[in-house]
Amino acid sequence: MKEMSSTMPGGQQPQKHYGITSAISLAPPREIDRQYTKKLCDAMKPFGVFEDEEELNHRLAVLGKLNNFVKEWIAEISELKNLPPSAISCVGGKIFTFGSYRLGVHTKGADIDALCVAPRHVERSDFFQSFFEKLKQHEEIKDLRAVEDAFVPVIKFKFDGIEIDLLFARLALQSIPDNLDLRGDSILRNLDIRCIRSLNGCRVTDEILYLVPNKENFRLTLRAIKLWAKRRGIYSNMLGFLGGVSWAMLVARTCQLYPNAVAATLVHKFFLVFSKWEWPNPVLLKQPEDSNLNLPVWDPRVNPSDRYHLMPIITPAYPQQNSTYNVSTSTRTIMSEEFKYGLSVTDEILQGKAEWSKLFEPPNFFQKYKHYIVLTASASTEENHLEWIGLVESKIRVLVGNLERNEYITLAHVNPQSFPGSKENRNENDFVSMWFIGIIFKKVENAESVNIDLTYDIQSFTDTVYRQANNINMLKDGMKIEATHVKKKQLHQYLPPELVQKKKRSIAELNRSSNGGSSKRISLDSSHLDSSRDTDSGTPFSSPTSKPSKPAFDTDDRCDKRHLVLLPPVKAKPPSPPASSSVSTVLSGNVKPTATSSPEEEPNGLDDSVNGAPVKRPHSPTQEDLTKRHKDAEVRMEQFVDFGLSYRFDRLPSMELPDASSPLPASNSCRVVKNSIKLALNRHK
């Protein structure tokens, strides 16, 4: 990192400059800030976010044993390949960790992401054969399985009760010393793409830690933000929200902007910065550098498709990638409103009007919307069910994209939590999981009623899932997916009563609401349609077109554009996407918005289709249109997302991707459910 310093008044020692802009505030923490930080720690403890000393030591012992296994195995392989004894004695080998464990923010019982680094004479096939067999021989290792054909190949196992995902990278080195540093770009030379992907997680994690001013303040803040995101239902890279690496980079950027602040202040500033952030301006921790290795990197000045990303957060290690490729219009809207709500809550906390526990209160998702899609995945055996729900969940963002393109739908909000199927709604021997998607229908002017057909949106999603399952030979008898539209008042048929009942509001909350307090929020659902309109607010969202009330800022809170605009503006307008772009997402599993101008020209990107709103589909296409669009659709493979871990059903070689020409599975091999979902909304009188 290029070290820079800013001049301090009074001839003081220059302050180190982190990130690509100057800090917003260099103010040191006050005693009250430390007190609020202690209260924040106390509020997080009941959620099991901190491990005790015994658990930490257990993890260290397990990793030490695994590191010794690797060294022994590499020495054995070296001997089999006739290396001289002098070379064998110093051939080395090492286990690196990455992800939440390496960042120091793992929770109780969390798994460990690890990487086995070997010298050039050890092949990947050796790792999946002889090392796999070596692991098999140890009694402490259970549930051993290899996923060699994954986008990032992995061996998964439990070592003395700790789950470990172990990747492999073979470097172009004769030996692997214990002090090897993976941050240098030169280690990527002459490596195959699978090794580069495997190294990516470690390189990104190490770079993040290197780029923050104070690691302990960063870690405590990240623990709080990750807990908040999970509690608020916005922690899932797979479903189009943010994953662990993305949250880590947002917190790291906050730490760079407030380098001397403690965790309580940083949590508040996190919400301040990102409630005001002008997406799709990217979040960058350092200026991207070109290492001349000809690897694809995120750069909207060069790659037109990168200009359509809605919420870019760019990994700091070469090759730089956007870790939020899956974010859609709906998920960005939901997260933006959660940032605003987090700011209002932390304002209250730091004014002494609320406790930290309020920040971690979950929203009542099942009171928030009037309409829901219930997505059900079922299988006849537990083993088949686990495999099946993994594939279905990885494709739910395709369904969200389909719904977003419906001309009558304003927002589609998927709850990341799945629920077991109720006994009343399933066969006795089936294993069932359900996901719920909240729907907001748009206001239609001058119409007494409107008929909405969701059949195509849902059927194209189920066809995509079945085709992919068929192509990878996963599909087995009894695997089914169904989608049903329900109103809020019907949710009790699917869920236990405690989840669908209204929460009683406290007197303090009622007073704040009646007095127009900062916690009051406006519903996105401005529709005048639907005679069954509910009056409860639940946890509504603000309208993306309405201007939020200005929070009270400290004098140092000048989030001006020099901190937000991080790349030179793109002057040339990007080419218009092909006409088929509205359906290409069905194949790639990502929402690709259409744009007619560069992101810099319309920084907010929330109010119109120029910056992120999907092209609305006015009617269900004919089969002839659908086939033509599928054939024309461009399939883009996402890479290096969320520490580089992905599994077999997440990404496939292009020849395995299903398209309209792929046959649907035969009806005798599984039940392909063909539901017609049509509803009529009446104007609210």
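Buried means under 20% relative accessible area, exposed means over 50%, and partly exposed lies in between, with a 1.4 Å probe and protein chains only. The model is predicted: local features need pLDDT of at least 70, side-chain atom pairs count only at pLDDT 80 or more, and totals for chains, interfaces and linings use all residues. Residues are numbered from 1 along each chain as its sequence is written, and side-chain values use heavy atoms, with hydrogens and water left out.

Start with the whole protein. It has 19 helices and 14 strands. Helices (H or I, at least four residues) and strands (E, at least two) are DSSP runs, numbered from the N terminus. Of the 685 residues, 57% are buried. Now take contacts, meaning heavy atoms within 4.5 Å. Among contacts with a separation of 6 or more, 76% are between residues 24 or more positions apart. The protein exposes about 30000 Å², and carbon and sulfur atoms supply 49% of that area. Accessible areas come from the Shrake-Rupley method with a 1.4 Å probe; for residues, only the protein chains shown count as cover.

Next, helix 1. Helix 1 covers residues 31-44, 14 residues in total. From first C-alpha to last, helix 1 reaches 20 Å, close to the 20 Å expected at 1.5 Å a residue. The expected span is 1.5 Å times one less than the number of residues. Which residues of helix 1 are buried? They are D33, Y36, T37, L40, C41, A43 and M44. These residues cover an arc of only 160° around the axis, so they sit on the same side of helix 1. The arc is that of the directions from the helix axis to the C-beta atoms. On the other side of helix 1, E31 and K38 are exposed. The buried residues pack against helix 7, helix 9 (263-275) and helix 10.

Helix 10 is one of those partners. It has 22 residues and reaches 32 Å from first C-alpha to last, close to the 32 Å expected. Helix 10 is mostly covered, with 20 of its 22 residues buried. G352 follows helix 10 and has a positive phi, near 80°.

A salt bridge is a side-chain nitrogen of Lys or Arg within 4 Å of a carboxyl oxygen of Asp or Glu. Side chains of opposite charge can pair when their charged atoms come close. By this rule, the count comes to 23 salt bridges. E338 pairs with R232, and their closest N and O atoms are 2.9 Å apart.

D206 and R102 form another salt bridge, with the closest N and O atoms 3.0 Å apart. D206 is in helix 6 (residues 193-210) and R102 in helix 4 (residues 99-103), so this pair ties together parts that are 104 residues apart in sequence. D206 counts as buried because its relative accessibility is 13%. R102 counts as partly exposed, at 30%.

D299 and R301 also form a salt bridge, at 3.1 Å between the closest N and O atoms. D299 is buried, with a relative accessible area of 15%. R301 is partly exposed, with 40%.

Now the strands. Two strands pair if DSSP finds at least two bridges between them. Strand 4 (residues 112-118) and strand 7 run parallel and are joined by 7 bridges. In strand 7, C116 has F168 as its bridge partner, and A118 has R170. Strand 3 (residues 94-98) joins strand 4 by 5 bridges, and the two run antiparallel. Here F96 stands opposite L115 in strand 4.

How many residues of strand 4 are buried? The count is 7 of its 7 residues. I112, A114, C116 and A118 point one way, and D113, L115 and V117 point the other way. Strand 7 (residues 162-170) is also mostly covered, with 7 of its 9 residues buried.

Strand 6 (residues 154-159) pairs with strand 7 in the antiparallel sense over 5 bridges. F159 stands opposite I162 in strand 7. Their hairpin has 2 residues between the strands, and D160 takes a positive phi near 50° there.
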